[in-house]
Amino acid sequence: PATSFDDGTCPYYITTPIYYVNDKPHIGHAYTSVACDVLARFMRLSGREVMFLSGTDEHGQKVEASAQKKGVAPQDFVDEVSLNFRELL
């Protein structure tokens, strides 16, 4: 459908927030992912091409501290936790 800022024929771009992987996903992550998914599906059903992007931020001191707390390398930690986020989608 047309919106207040386009004629309804342009691709529709939507993205979730960039999730931090210092811990497992929680209800807030699920909420924003589902909300974006609903909009993407609605736009696709309306005939629009949709670009849906989601991702994680795998850098930072909190990630490093969480990995150290578990006794694993930061890369191994983010690989494990980011899988939880991919499964959420």
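Predicted model: local features only at pLDDT ≥ 70, side-chain atom pairs only at ≥ 80, totals over all residues.

Colleague: Is C36 buried or exposed?

Modeller: Residues are numbered from 1 along each chain as its sequence is written, and side-chain values use heavy atoms, with hydrogens and water left out. Buried means under 20% relative accessible area, exposed over 50%, and partly exposed in between (1.4 Å probe, protein chains only). C36 has a relative accessible area of 10%, so C36 is buried.

Colleague: How many disulfides are there by the distance rule?

Modeller: A disulfide is a covalent bond between the sulfur atoms of two cysteines. The rule asks for a pair of cysteine sulfur atoms within 2.5 Å. The sulfur of C36 has its closest cysteine sulfur in C10, 19 Å away, which is too far for a bond. The count of disulfides is therefore zero.

Colleague: Thanks! Which residues of helix α2 are buried, and where do they sit around the axis?

Modeller: Helices are DSSP runs (H or I, at least four residues) and strands are runs of E (at least two), numbered from the N terminus; α2 covers residues 61–70. Its buried residues are V63, S66 and A67.

Colleague: What do the buried residues of α2 pack against?

Modeller: Contact here means heavy atoms within 4.5 Å. The face of α2 turned away from the buried side carries the exposed Q61, K62, Q68 and K69. The buried residues pack against β2 (50–57) and α3.

Colleague: Which backbone oxygen does the side chain of S82 reach?

Modeller: S82 lies in helix α3 (residues 74–88) and is buried, with a relative accessible area of 3%. Leaving aside residues up to four places away in sequence, S82 touches V21, T56 and E58. At 2.8 Å, its side chain reaches the backbone oxygen of V78.

Colleague: What follows α2, with a positive phi?

Modeller: Helix α2 covers residues 61–70. The residue that comes after α2 has a phi near 75 degrees, and that residue is G71.

Terms used
Polar contact = N/O pair within 3.5 Å; in protein donor to acceptor, adjacent residues only side chain to side chain.
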